Structures are given as C-alpha cells and as structure tokens.
Amino acid sequence: MADEAPGSLTGGALELYQDPAPGLDRLVRAVEAFWRLAMAPHWARMRNLLEGDLLYRTRQFAERGPAGVFTDMHPAIRWEDRTLHLEDRPEELSRTLNGEGLLLAPSVFVWPHLPYRTNSPGQAAITYPVRAIATLWERGTAPVPGALAAVIGRSRALLLGELDPPPPPPTWPAAPAWRRRASPSSSLCCCRPVW
C-alpha cells in the first residue's frame, strides 16, 4: 500500500497514507478535542435550531407540498411547475432525479451560501442555511414567572430561569421528550398563580 501512494500526497497526508494506525489515533484525538472545545458548548443551541428547521419543513411539506418546503429556504431556490430551480446554476449541472430523491440538509455553518451537489453518480443534495440562524448566538432573558417571583423574589426567579441543563455528551442519543430530565428553567414554566 505504501508503495502505491498517490503523488499528490505530501506531509501529514502522506504519513497517514503510509502508516494509518498512529495517524488515525492522532486524528481521532484532534477531532475529539475540537468537539469538546469548539462545538460541545454550543451544540444544544445548534441542535435546537436544526430540529426546529426539520419540524418546520416537515409541516410545510404536509400542508403545502414541495412548494411549501422551498418557499423560504433560500433566495436562490425556486419551485415552479414541479421543477426545482437553483439560481446561477450552469445548465450542464441540471439533473432529472427519476425517483432518486433529493437530500436536504440544514446547516448552521453555510449561511449565506447554498452548497449543492447535482452531478451523477450519487444522491443529489442541497445544504441550506437553517431557519433563524441569526438567533444562534443570542442570549435573551427568560420570562419571570409571576408566582415564583412572588415567592422567592424577581432577581432569584430570573437567575433560575436563565439556567440551562448541561448538554448531553456527544455519544448519547437525544432522549425522547418524555424521558428528558427536567431542568430548573423548564420546571419554572409550570409555576402559575392558582388564585
């Protein structure tokens, strides 16, 4: 295998090709470190936006068909006469799917662009900016439940409302809603005056 290394490989890529075991171990550690430092602290917000987008698109498809899915997906997308049009796409990249399907992938990393793959072989795919991407880095204040504020004070109620549950480790699948551990902020929304 090492004797057949492609000529375009140099440096670390060539080392990885020639002796994959130690290189893969280093690569795995680097990806895990990147996840832990750069992604994990923000993953809960990213996941919420992604899940929200999927729910919205599914609802639009159920209510309005394909036109509903693409209407506000991206300014460069247009659904017309049962055909999906991508603005500024060279004609030679056009493709008839013939039942192959189209992969739609929301992303928090592509705004304002619209990466797509239409050439064969392989599945056609569009990666589009997730809805409400501008809210990803916002930190709003949680509403103060009046009943709780009346008992423990407005400042304490605000602090409790701002608490977020820790994100699950990346290897855990997301638990269904009925099995998720309650957090202080989710419990506070249940505090209502009873008088």
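Two aromatic pairs are counted in this predicted model, where rings of Phe, Tyr and Trp (its six-membered ring) pair if their centres lie within 6.5 Å, with planes under 30 degrees apart called stacked, over 60 edge-to-face and the rest tilted. The rings of Phe70 and Trp79 form a stacked pair, because their centres are 5.7 Å apart and their planes stand at 15°. Phe70 is buried at 7% relative accessibility, whereas Trp79 is partly exposed at 31%; buried means under 20% relative accessible area, exposed over 50% and partly exposed in between, with a 1.4 Å probe and protein chains only.

As to the basis of these values, the model is predicted, so that local features need pLDDT of at least 70 and side-chain atom pairs count only at pLDDT 80 or more, while totals for chains, interfaces and linings use all residues. Residues are numbered from 1 along each chain as its sequence is written, and side-chain values use heavy atoms, with hydrogens and water left out.

Phe70 also belongs to the largest nonpolar core, whose nine residues are Val69, Phe70, Met73, Ala76, Ile77, Leu86, Leu114, Ile126 and Tyr128; such a core is a set of buried Ala, Val, Leu, Ile, Met, Phe, Trp, Tyr and Cys residues joined through side-chain atoms within 4.5 Å. Two or more of its residues come from each of α3 (66-70) and β5 (124-129), helices (H or I, at least four residues) and strands (E, at least two) being DSSP runs numbered from the N terminus. Apart from this core lies another, of eight residues, including Met46, Val130, Ile133 and Leu136.

| Residue | Residues in contact |
|---|---|
| Arg57 | Val69, Asp72, Met73, Tyr128, Arg131 |
| Ile77 | Phe70, Leu84, His85, Leu86, Leu114, Ile126 |
| Leu84 | Phe70, Ile77, Arg78, Trp79, Arg89, Leu102, Ile126 |
| Ser107 | Leu50, Thr127, Tyr128, Pro129, Val130 |

Leu84, in strand β2 (residues 83-86), touches both Phe70 and Trp79. Although Leu84 and Pro66 are 18 residues apart in sequence, their C-alpha atoms are 9.2 Å apart in space.

Arg57, placed in helix α2 (residues 20-64), counts as buried at 6% relative accessibility. Its side chain makes a polar contact of 2.8 Å with that of Asp72, a polar contact being a pair of N or O atoms within 3.5 Å in which, within protein, one must be able to donate a hydrogen and the other to accept it, and residues adjacent in sequence count only if both atoms are side-chain atoms. Arg131, which Arg57 touches, has its charged end over the ring of Tyr56, 3.6 Å from the ring centre; this requires NZ of Lys or CZ of Arg within 6 Å of the ring centre and within 35 degrees of the ring normal.

An open sheet of three strands has the order β3-β5-β4, with mixed pairing, and two strands pair if DSSP finds at least two bridges between them. At its edges stand β3 (102-107) and β4 (116-117), each with a single partner strand, so one side of each lacks a neighbour in the sheet. Strands β3 and β5 run parallel and are joined by six bridges, and the bridge partner of Pro106 in β5 is Tyr128. Ser107, also in β3, is buried with a relative accessible area of 12%, and a polar atom of its side chain lies 3.0 Å from the backbone nitrogen of Phe109.

How values were computed: Contact = heavy atoms within 4.5 Å. Lists of a residue's contacts leave out its neighbours within four places in sequence.
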